[in-house]
Amino acid sequence: MSDAGSDEFDDERSQLGEYEGDRNEAGERHGVGKAILPNGDIYQGQYENGKRHGEGTYRFKNGSRYVGDYYQNMKHGQGTFYYPDGSKYEGSWVEDLRQGHGVYTYPNGDTYDGEWLRHMRHGQGIYHYHETGSKYKGSWVNGNMESAGEYIHSNHRYKGNFVNNNPCGPGKYVFDIGCEQHGEYHQTEQDQAEGKWGEMASTPVLRWIPKCITGLTHWTPGQETSAGEKNTASAEEVAENQPV
């Protein structure tokens, strides 16, 4: 969904659009004013030397709306963007891009609260799934779950490493009843039906391989489970209790 302003129209020299408000000695828009752009967009707020600068509200013809800080015609600082589909971003902006800390509320009620870089989820953040109540808490890279993180559910959680939104490698399930199931996630490919051109298509499938059950322990993603831990159960015993 586009959230760029119509800067190409907001040019006094083109003699396009309408403006009511303050001006400086050079005749430039300066102070507080309201501009109606040729495409139907409306900006009302502060100007400095002919450019949107300071606090303002930009209403797009398609129903979008931005309320917040501007710097030299760009969204910059703190602001809230309301999208036509009902989603909303509230947080930090840098040169027209979501960057820094912000909260994005999606049309289905999901939310992401965390760090952004160039419009993408990047850094530490929490994604909350509205329908199930579950959430992911951990690291993000270019919009994807990457590196150390955890899935948190109502009565258990999974801690481990993630690659391209999927758990990968060593990890553990932590249950509220006071035990942990250690193991590894492996990614395999499962053959599918023949494709349009006769080739066999395949799709990656995640497989959880349990190793042992222990009492609650301190664990860091990436560390292997020690074979000498106390109160462990065999992999065969664990397999019967594999979480869904």
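## A strand-built chain in a predicted model

Welcome to this protein chain, whose secondary structure comes to 1 helix and 16 strands; helices (H or I, at least four residues) and strands (E, at least two) are DSSP runs, numbered from the N terminus. This is a predicted model, in which local features need pLDDT of at least 70 and side-chain atom pairs count only at pLDDT 80 or more, while totals for chains, interfaces and linings use all residues. Residues are numbered from 1 along each chain as its sequence is written, and side-chain values use heavy atoms, leaving out hydrogens and water.

Let us begin with the whole chain. Of its 244 residues, 35% are buried (under 20% relative accessible area, with exposed over 50% and partly exposed in between; 1.4 Å probe, protein chains only). The accessible surface comes to about 14100 Å², and carbon and sulfur atoms hold 47% of it; such areas come from the Shrake-Rupley method with a 1.4 Å probe, and for residues only the protein chains shown count as cover. Among contacts (heavy atoms within 4.5 Å) between residues at least 6 apart in sequence, 21% join residues at least 24 apart.

Next come the aromatic rings. Rings of Phe, Tyr and Trp (its six-membered ring) pair if their centres lie within 6.5 Å; planes under 30 degrees apart count as stacked, over 60 as edge-to-face and the rest as tilted. By this rule there are 33 aromatic pairs. In one of them, the centres of Tyr127 and Trp140 are 6.3 Å apart and the planes stand at 40°, so the pair is tilted. Because Tyr127 belongs to strand 10 (residues 120-128) and Trp140 to strand 11 (residues 135-141), the pair ties together parts that are 13 residues apart in sequence. Both Tyr127 and Trp140 are buried.

Charges also sit over rings, which requires NZ of Lys or CZ of Arg within 6 Å of the ring centre and within 35 degrees of the ring normal:

| Charged residue | Ring | Distance from ring centre |
|---|---|---|
| Lys75 | Tyr66 | 5.8 Å |
| Arg121 | Tyr112 | 5.8 Å |

Gln181 is found in strand 15 (residues 179-194). Gln181 counts as buried because its relative accessibility is 1%.

Finally, a word on confidence. The mean pLDDT (the predictor's confidence in each residue, from 0 to 100) is 84 for the chain, and 76% of the residues reach 70 or more. Over residues 6-13 pLDDT stays under 50, and the model has 19 contacts beyond four places in sequence for them. Residues 224-244 also stay under 50, with 35 such contacts. Where pLDDT is low, the predicted coordinates should not be read in detail.
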